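Please examine the structure shown below. The paragraphs that follow lead through its helices, their contacts and the annotated regions.

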Amino acid sequence: MAATRLELNLMRLLSRCEALAAERRDPEEWRLEKYVAALEEMLRELKKQSSKPAPELLNEYSRKVDFLKGLLEAEKLSSSTEKALANQFLAPGRTPTTTKERTPATKTVHLQTKARCTGKMRSELLGTVCFVQMPFFSPFSSCRGLASDEKQSAVELDAVLQHHQDMQEKLAEEMLSLARSLKNNTLAAQNVIKQDNQTLSHSLRMADQNFEKLKDESDRLEQHAKKSVNWLLWIMLIVVCFIFISMILFIRIFPKLK
């Protein structure tokens with residue numbers, strides 16, 4: 001079933017929200033929150049329509065909208081630990097929103113947010129330790145430590161994303177090889193079935209021909225049997241008549257002795 005105009009607008013706005021969520025935003029950024037509120041309203045209207053999408057697709061839309069809402073609520077928390085804990089319970093989407101995506105954008109945003117929160121927690125912990133144990137360090141050294149932690153978090157995130165991409169490519173190759181083997185097996189089975197059908201058809205034709213020949217031979221044998229019985233009957237009649245006439249002649253020729 002073709003997507004309605006409301007569903008297309010929902011998909012465009014959802015893709016835009018996912019792109020905004022993947023970017024680094026200012027605390028005063030208001031567009032994402034307004035867009036998510038509009039997404040909720042559009043999703044409610046989409047569920048009320050008579051020509052609504054499949055239930056699985058609606059559940060996927062709801063899952064992505066709930067993820068974006070939870071992401072905004074987690075960003076409003078004050079502590080990095082609370083943010084990390086809140087992000088831990090978020091459930092990203094399972095399928096890409098657009099055909100251009102290879103990995104669902106919400107899953108990428110989820111990984112980026114988790115890495116960012118982990119980096120902030122590590123930065124706060126390392127910064128506290130540095131200031132407690134080595135108070136004679138300048139603020140610039142602390143800033144350099146934070147920058148290096150952010151770079152390390154970015155590197156870890158890139159490694160995780162690359163690992164997921166490699167796994168997806170490997171799975172895609174395995175699925176492609178399985179599809180090819182299944183296609184080959186299907187073609188082989190189709191050829192075998194085709195040959196069996198041809199053999200069965202040939203056997204049925206031969207059976208029909210043999211049945212016709214047997215029927216013809218049976219008719220010929222029946223006619224031959226009838227002819228044989230008729231000839232035998234005439235021969236027996238002739239023999240009986242001959243014996244009867246011979247007896248009469250014998251009696252006439254040889255009279256009874258006195």
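Helices (H or I, at least four residues) and strands (E, at least two) are DSSP runs, numbered from the N terminus. The model is a predicted one, in which local features need pLDDT of at least 70 and side-chain atom pairs count only at pLDDT 80 or more, while totals for chains, interfaces and linings use all residues. Residues are numbered from 1 along each chain as its sequence is written, and side-chain values use heavy atoms, with hydrogens and water left out.

Residues 197-224 are 100% helix and 0% strand, and the C-alpha atoms at the ends of this stretch are 40 Å apart. An unreviewed UniProt entry annotates residues 197-224, together with residues 3-52, as "coiled-coil region". UniProt positions are given in the numbering used here, feature names are shortened, and annotations may be inferred rather than shown by experiment. The unreviewed entry also carries the annotation "transmembrane region" for residues 231-254. In the model, that span is 96% helix and 0% strand, with its end C-alpha atoms 34 Å apart.

The packing of helices comes next. Two packed helices are described by the angle between their axes and the distance between the axes. Axes are lines fitted to C-alpha atoms, for helices over the stretch in contact, and angles run from 0 to 180 degrees between N-to-C directions.

Helix H1 (residues 5-22) and H2 have axes that come within 10 Å and cross at roughly 155 degrees. H1 and H2 are therefore roughly antiparallel to each other, a term for angles over 145 degrees, whereas angles under 35 count as roughly parallel, 65 to 115 as roughly perpendicular and the rest as oblique. Their crossing is left-handed, that is, the near helix is turned anticlockwise from the far one by less than a right angle (clockwise would be right-handed). Contact means heavy atoms within 4.5 Å. Among the residues that meet are Leu6, Leu10 and Leu13 in H1 and Leu32, Val36 and Leu39 in H2. By class, this contact has 15 nonpolar, 1 polar and 4 charged residues. Here Ala, Val, Leu, Ile, Met, Phe, Trp, Tyr, Cys and Pro count as nonpolar, Asp, Glu, Lys and Arg as charged, and the others, Gly among them, as polar.

How do the axes of helix H2 (residues 31-48) and helix H3 (residues 55-75) cross, and at roughly what angle? They come within 10 Å and cross at roughly 155 degrees, which makes H2 roughly antiparallel to H3. H2 passes H3 in a left-handed crossing. The contact of H2 with H3 has 10 nonpolar, 1 polar and 4 charged residues.

Lys69 forms a salt bridge (a side-chain nitrogen of Lys or Arg within 4 Å of a carboxyl oxygen of Asp or Glu) with Glu40, the closest N and O atoms being 2.8 Å apart. This pair links distant parts of the chain, since Lys69 lies in helix H3 and Glu40 in helix H2, 29 residues apart. By this rule, the count comes to 3 salt bridges.
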